[in-house]
Amino acid sequence: MRRSLLVRALGATAPVWLTLASGAVILWLAGANPITAYGHLFLGAFESGRKLADVVMAMVPLLLCASGMLITFAAGLWNIGVEGQMIAGALMTTWLVQVVTSGSPPEGAGRVTSTFALLGASVLAGMLGGALWGLLTGALRVFGRVNEIFAGLGLNYLALALTNYLIFGPWKPPGGATMSGTAPFPQAAWMPLIGDTRASPVSIALAFASIVLVYFALRDTIWGLKLKAIGLNVAAAHRLGIDTTRNMLLAFVACGALAGIAGSLQATAVYRRLIPSISGGYGYLAQLVVLLSGLRAGWVLPIVFFYGVIQVGGPRLELRTQLDSSLGGVLQAGVVLFFLLVRGLRDRAARGARPVEGGGL
Amino acid sequence: MSGSLAIETIRSVVAASAPLIFASVGETLTEKSGVVNLSLDGTILLSAMTGFAAAVASGSLVVGFAAAAAVGGLVALVVAYGSIALRQNQVAIGFVLTLLCADLSSFLGQPYVRVPGPSVPHQAIPLLADIPVIGRILFDQNVPVYLSYLLTVGAWLWMSRTRPGLRLRSVGERPSAAFARGIPVNRTRYLHTTIGGALVGVGGACYSLSVKLGWSHRHTAGMGWIALAIVIFGGWSPFRVALGAYLFGALKSLGSILQPAFPQVPTQVFQAAPFALMIVALLLVGGNLATLTERLPPKLQSALGSVLQGSPPGALGQPFEEG
């Protein structure tokens, strides 16, 4: 009994062990000591309370984007455009902050004096920006018949170019444009932080609320059922009377809105300005999170924590060992690859006994 | 623009498009067999880095290209194994490998960032290079560029004029019918996915050893997605795929020519242009052609239709169970 439990535990965590072993080989190839490197990468996050707070803050954009992608994946859509939707959210937020707090605000805008209202509006602006960018991806897919992967990726690069244009053009700081981004936002547009940490309670609350909300929306609402029906078979869902066009667009909009919040919070709570790489690859990482979760919302939280630990450990690894922090990304992607391969092997072993339908995510 | 400047520009477009041709024609072979290798953006990065590192370490360009091809083939083999033998979602495997290879290229390539290294020498083809205009454009280049022509013609001949090519297409179109006729569907798919991946790898080395010399962080980022879009735009036909590669190459070259001429246009416009073109190109081939061209004269409509319309292999992305 005990042994079978151990075997099962080892089996369930096989992707992790395989990833760590492969990573050790790669480290050895790069001439580094795997144990030292892993020590910095995995323990860097647990150095202090402040570092743990950083982990939570790294989890925020991951949770928001992963929540959004649970919606689009339910409808069978690959919203690789979340990265661009994050950027669009950050752009809209930056625009709002600049308009509202600039010296000569347009008519009416100057009346927003309360920080509370400004912060609330900044999040809403981010939602709107992300939702619009998501709608664009959805429209290209639904009306233009452009595969959403390519539509989303193309729009990611366009959003990135737009950000660079704004930072080096109209939004350049008074001292001249640099890669460090726009001038810092005025203090009224800073999300408040907890104590001397870099953790913002608003960010954390929004991120956790989003995953809970999406969990119940997909499980307990008619809309969730409709999306899943579309995801299983678009043609059949259409025949059943589900407005597939509208619901697919809605899925993109909802995902975009959540990603937009993530982008907005990166600007107001983390960097307090717009920087060229404001999305920081979190959109792509969230894609990995959702794949690794097997589309089960309950698994998202522990996976996001694991990814957050690596995000925070990466810089320490780079600082202490001169190894590139991209090792973190190698492990984050590697574990998903092994997860898919191990699942495939297991399914194949099961198929040996009786025929099982393959496919799906 | 004077005549010689135009010739030089076209010549540089032909040279700069060679890696895209290797990658997109390679992916065409893969997709014709029914498999999508979505990992191109990562594969090109990793093979560009490996090719450069191997060439620096060995001092041999051939070793560099061979190492890059091996890396490309190996990544493709993982896609093939995961999707054919293990029946995992091809898009999922491909996307994960995109990110994995990109980060691996950054991590393992760190010692080679901005290191000087060898480059493919210029090598005019005697006699052919002396043909006026054409000779300078097509035959006053280097070996990888010549190979990109051969690959395009070769892939077309292979797919449309040979028996194995016919089998390849039948495996991608109707695997059950192909299997009934005794064609080993999955073996054909493994073979073409791996060969296609190796060609993508050669494309990667083409960047780091010829077109965009050396290695830096995310050296070729974005090019894999462009190559994947070109396959769709080219309707899975080698000549049209090559045409698409030249179109994107031209847009890039045009950017670097126009940028100094129009300083008031932000540089980001030129950076974003290939991706805007990518979306527009996919809109054109996505069955919207009739709507978009309805105001044009009918003759032009049908001409555009024959150039731009192509359908994907019938069983693209679908696993097949033998037996």
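## Confidence

This is a predicted model. The stretch asked about is residues 355–360 of chain A, where pLDDT stays under 50 and the model has eight contacts beyond four places in sequence. Where pLDDT is low, the predicted coordinates should not be read in detail.

Averaged over chain A, pLDDT is 91, and 94% of the residues score at least 70. Helix 1 (residues 2–12) of chain A has the lowest confidence, with a mean of 78, whereas helix 11 of chain A has the highest, at 97.

## Overall build of chain A

Chain A contains 14 helices and zero strands. Its radius of gyration is 22 Å, close to the 21 Å given by the globule rule for 361 residues, so chain A is as compact as a globular protein of that length. Along the principal axes, the C-alpha atoms of chain A fill a box of roughly 75 × 60 × 30 Å.

Of the 361 residues in chain A, 50% are buried. Among contacts in chain A between residues at least 6 apart in sequence, 78% link residues at least 24 apart.

## Helix 8

Helix 8 of chain A covers residues 201–220. At 1.5 Å a residue, these 20 residues should span 28 Å, and the end C-alpha atoms are 28 Å apart, which agrees.

The buried residues in helix 8 of chain A are A:S203, A:L206, A:A207, A:S210, A:I211, A:V214 and A:L218. Seen down the helix axis, the buried residues of helix 8 of chain A fall within an arc of 130°, so they line one face of the helix. Elements covering these buried residues include helix 4 (49–74), helix 9 (222–232), helix 11 (244–271) and helix 13 (297–321) of chain A. On the face of helix 8 turned away from the buried side are the exposed residues A:P201, A:A205, A:L213, A:F216, A:R219 and A:D220.

## Contact with chain B

In the interface, 39 residues of chain A are in contact with 36 residues of chain B. Helix 7 (148–168), helix 12 (282–293) and helix 14 (326–353) of chain A are the elements that give two or more residues to the side of chain A touching chain B. Helix 14 of chain A supplies the largest share of that side, 15 residues. Sorted by class, the side of chain A that touches chain B has 23 nonpolar, eleven polar and five charged residues.

Note on methods
Residues numbered from 1 in each chain as written. Chains lettered and ligands numbered in written order. Predicted model: local features only at pLDDT ≥ 70, side-chain atom pairs only at ≥ 80, totals over all residues. Helix = DSSP H or I, 4+ residues; strand = E, 2+ residues; numbered from the N terminus. Expected span 1.5 Å × (residues − 1). Buried ≥ 20, exposed ≤ 12 C-beta atoms within 10 Å, placed from the backbone. Arc of directions from axis to C-beta. Contact = placed C-beta atoms within 7 Å. pLDDT = per-residue confidence, 0-100. Rg over C-alpha atoms; globule rule 2.2 N^0.38 Å. Nonpolar A, V, L, I, M, F, W, Y, C, P; charged D, E, K, R; others polar.
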